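Please examine the structure shown below, together with its sequence.

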Amino acid sequence: MAEARANHSIRRRLLVMLLLTTLLAWLVTLLLSYRDTRHELEELLDAHLAQSTSLLIAQLGHEVDDIDAEHAPPVHRYSRKVAFQVWEKGEQLLLHSASAPNAPLSSQREGFSDSVVAGETWRVFSAWDDAHRYLVQVGERREARDDLAKTIAEHMLQPLLITLPVLGIFIWLGVARGLRPLNILSGQVAERRPDNLALLETTAVSAEVLPLVEGLNRLFARVRQSLDNERRFTADAAHELRTPLAAIKTQAQVARAATADDERRHALDNVVLGCDRAGHLIEQMLTLARLEPEQISRRDSYDLRGLAVAVVAELTPVAIKKNVELQLTEGETVSVPCEPGLIRILMRNLIDNAIRYSPPGSVVQVTTLKTAEGAVFAVADQGPGIPAEAQALVWERFYRVLGTDTYGSGLGLSIVKRIAELHGATADLLQGDDGKGLRVTVTFSV
Amino acid sequence: MRILLVEDDKLLGDGIQAGLVQAGFAVDWVRDGALGAAALKTESYAAVVLDLGLPKISGLDLLQNLRAEANAVPVLILTSRDAIDDRIRGLDSGADDYMVKPFDLDELAARLRALTRRSRGEAASVLRMDGLELNPAEHRVQFRGNDVELTAREFSLLHELMLHAGRVLSREQLEQRLYAWGEEIESNAIEVHVHHLRRKLSPELVRTVRGVGYVMPRGEHG
């Protein structure tokens with residue numbers, strides 16, 4: 001399940017991130033305190049070296065010969081890593097510890113120094129007695145100090161190695177607990193029946209999950225609205241087809257029962273007419289249903305006038321048949337970013353409407369022009385116009401101004417409006433040019 | 001029988017008119033509610049076929065006005081809305097029957113016959129009198145057991161006379177019930193049809209009441 005996989009990845013990522021951060025913080029702390037410790041250790045041991053040297057020098061004043069350093073038993077295992085040498089005049093090795101080499105511990109004859117003697121690294125303190133007769137060198141093997149530091153570091157690391165896995169387990173469980181609201185939500189959504197578009201509860205939801213729930217709720221609302229629209233459209237469409245179907249059936253029954261040829265022919269002609277009408281209605285419904293925003297994702301610019309010329313040419317035979325004069329007034333090229341196929345449908349619907357509602361002998365004028373508001377496509381006729389009270393309603397689906405002899409699907413202007421909306425254009429109804437008829441304008445903001 | 005059809009759709013109205021004429025009705029067809037109301041004020045109809053989506057005055061308003069004026073003419077509504085609410089509203093507004101588009105023309109004619117029969121308080125659909133039998137649905141007339149061939153107009157005339165047996169009907173009343181608007185009526189048309197009926201059936205069947213009209217006497221023939 002996709003949700004589960006996503007949840008796991010959040011969990012794992014949080015675990016890894018938290019563990020790494022903890023580890024890093026810990027390691028930095030360790031490193032810093034290790035360095036501090038090491039530094040303090042050096043100082044402490046150096047101080048010991050210096051003090052041992054001073055003690056030796058203090059002894060030298062009395063009985064150098066009595067000191068049997070050679071056979072002194074090692075007091076502590078650590079003492080084997082410490083050595084001293086006493087040089088007379090700085091040249092002759094007068095006295096030394098068992099662990100000391102024969103070569104000088106350090107070439108430096110004063111203060112602290114580091115040296116390598118016979119492959120061993122030494123930390124050495126050198127000092128002269130007051131008479132400047134004896135040179136005393138006390139050294140300590142570096143290795144000893146390193147071992148000590150290593151032991152300290154190991155002791156510091158140990159708790160980390162134990163607590164890190166424990167911490168990991170706690171983080172794992174904690175994240176799971178933190179993600180529980182998400183799991184509950186995904187359960188709620190997964191259990192839904194497809195027709196259940198009720199909004200999700202938002203009151204008991206944690207702040208982080210709330211945006212997701214709200215987003216889902218907005219989606220549910222949108223889906224429900226589009227479902228409602230679709231349902232209403234289907235109902236309207238079925239309803240609108242009833243009258244043409246009733247007419248076809250009635251005329252067919254009249255034709256079947258007719259005894260006279262004239263009567264039968266008249267009824268059959270009406271059957272054909274009724275089928276044309278129903279066909280036109282279906283075509284318009286499909287056009288409207290197919291108008292989706294995706295259709296105009298790609299927007300190249302096209303010349304409105306060029307498109308208008310083509311549509312006017314296409315509809316001229318219809319106009320001639322109705323004895324209506326169809327004119328395209330002089331105008332300039334007006335480029336508009338649009339989907340040309342849809343704009344042709346828009347133009348065809350407007351011009352076709354104008355021709356349908358025009359009385360014989362009248363003029364339908366098609367215009368394209370540029371105005372301050374943008375590019376305008378306009379169709380004006382000298383027909384009956386649209387009563388003021390119906391002007392807002394004609395854009396609605398299946399609305400027809402009643403009482404006209406003209407048959408229409410009631411969808412033409414809805415299609416025009418939808419196409420205009422898809423292009424961000426506005427469609428307006430105005431009174432005709434000399435106070436009569438109708439002028440429809442579509443304004444594309446450029 | 002004369003029917004008023006109020007239907008704004010041109011093709012459907014034309015079809016219903018033609019179909020009802022075929023079924024033997026005289027049909028006046030108007031295409032908006034205002035004309036329908038005017039027709040109902042001036043003429044008397046056996047029944048009204050009423051579409052609901054009408055210009056000027058809606059079908060429901062027309063119906064309510066009609067009932068408010070105590071006009072009891074049987075009304076059958078045609079509706080493209082088949083939701084129960086719409087039907088209930090139609091019937092509650094005073095409709096006697098309804099049909100949902102697309103409907104069957106023969107059924108429409110049958111329902112109209114039933115409506116007019118019920119409005120006269122009759123139960124039987126076949127009219128019987130003195131050896132005469134008239135079946136409105138089948139458009140058949142039998143006299144003393146034999147089929148009689150009648151023209152559509154003769155059939156309608158006989159139907160009207162039988163429906164109002166015992167009552168004198170004037171020539172104008174008969175013309176009004178037999179002819180729709182715009183139908184050509186010869187001045188002596190009714191006389192001619194009565195003459196044909198007497199010839200095809202029996203001379204005594206229809207009596208002339210001089211200066212008044214015609215009557216079909218009730219229960220004289222044996």
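In what order do the five strands of the open sheet in chain B lie? The order is β2-β1-β3-β4-β5, and the pairing is parallel. This is a predicted model, in which local features need pLDDT of at least 70 and side-chain atom pairs count only at pLDDT 80 or more, while totals for chains, interfaces and linings use all residues. Residues are numbered from 1 along each chain as its sequence is written, and chains are lettered from A and ligands numbered from 1 in the order in which they are written.

Helices (H or I, at least four residues) and strands (E, at least two) are DSSP runs, numbered from the N terminus. Two strands pair if DSSP finds at least two bridges between them. At the edges of the sheet are β2 (26-30) and β5 (97-100) of chain B, each of which pairs on one side only. From one strand to the next, the twist averages 20°; axes are lines fitted to C-alpha atoms, for helices over the stretch in contact, and angles run from 0 to 180 degrees between N-to-C directions.

Strands β3 (residues 47-51) and β4 (residues 75-79) of chain B pair in the parallel sense over four bridges. Helix α3 (residues 59-68) of chain B packs on the sheet and touches β1, β3 and β4 of chain B; its direction makes about 150° with that of β3(B). Contact here requires that the C-beta atoms of two residues, placed from the backbone, lie within 7 Å.

The contact between the chains takes 20 residues from chain A and 21 residues from chain B. On the side of chain A that touches chain B, α4(A) gives the most, with 12 residues.
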